[in-house]
Amino acid sequence: MSKSKKIKIVEKTGNTRKTVIDSSLLNQDVKSPSWRFNRWDKEFPIKHEREEAVGELLDHLSAYEKMTWGKIKLATGGKRIGTNSHYLKISDLSKAAQNRAREIKLYEDEVFSLRINGRHRLIGILEDGVFYVIWNDKEHDICASSKRNT
């Protein structure tokens, strides 16, 4: 994943100098999230969704849109150590997820785990403020946690 560079451009008009940051090159942490589902692997993990669950998922995604990626990455829950949403190395995923990543030609070193609630996570690629959903991990099976209740 490439990290965006901040580029400052100084514009001079007479005696006035103005610093402008190219908005297309801003760090994704200051951007509000947006979602893409074109890479969603509906085959893995195999779970059947009910309409209410999809509505709940959309409610959580809608709530995240009021935040920036930086705030999402810093969010913690309860007395736990660490953040709720974070990057995961492909090598740390379950063997089944690693195999499936190869099958769908997911050639990334890491993916992003977005906490929906409790154990529920969306796993995907975070690129330039856009989260490309790959897996809907309702039971935290893709990357097992040693933490209680996750």
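There are 4 salt bridges in this structure, which is a predicted model.

Start with D128 and K31, whose side chains form a salt bridge at 2.6 Å, N to O. D128 sits in the loop between β6 (120-127) and β7 (130-137), while K31 is in the loop between β2 (16-21) and β3 (34-36), so this pair ties together parts that lie 97 residues apart in sequence.

Next, look at D41 and R100, another salt bridge, with the closest N and O atoms 2.7 Å apart. D41 belongs to the loop between β3 and α1 (51-64) and R100 to helix α3, so here the link ties together parts 59 residues apart in sequence. Both D41 and R100 are buried.

R100 also pairs with E103, their side chains meeting in a salt bridge at 2.9 Å, N to O. This one stays inside helix α3, where E103 and R100 are 3 residues apart, about one turn of the helix. E103 is exposed, at 53% relative accessible area, while R100 is buried at 17%. Through shared partners, the salt bridges join D41, R100 and E103 into one network.

Finally, step to D92, in the loop between β4 (86-89) and α3 (95-103). Setting aside neighbours within four places in sequence, D92 contacts Q98 and C143.

How values were computed: Residues numbered from 1 in each chain as written. Predicted model: local features only at pLDDT ≥ 70, side-chain atom pairs only at ≥ 80, totals over all residues. Heavy atoms only, no water. Helix = DSSP H or I, 4+ residues; strand = E, 2+ residues; numbered from the N terminus. Contact = heavy atoms within 4.5 Å. Buried < 20%, exposed > 50% of the residue type's maximum accessible area, 1.4 Å probe, protein only.
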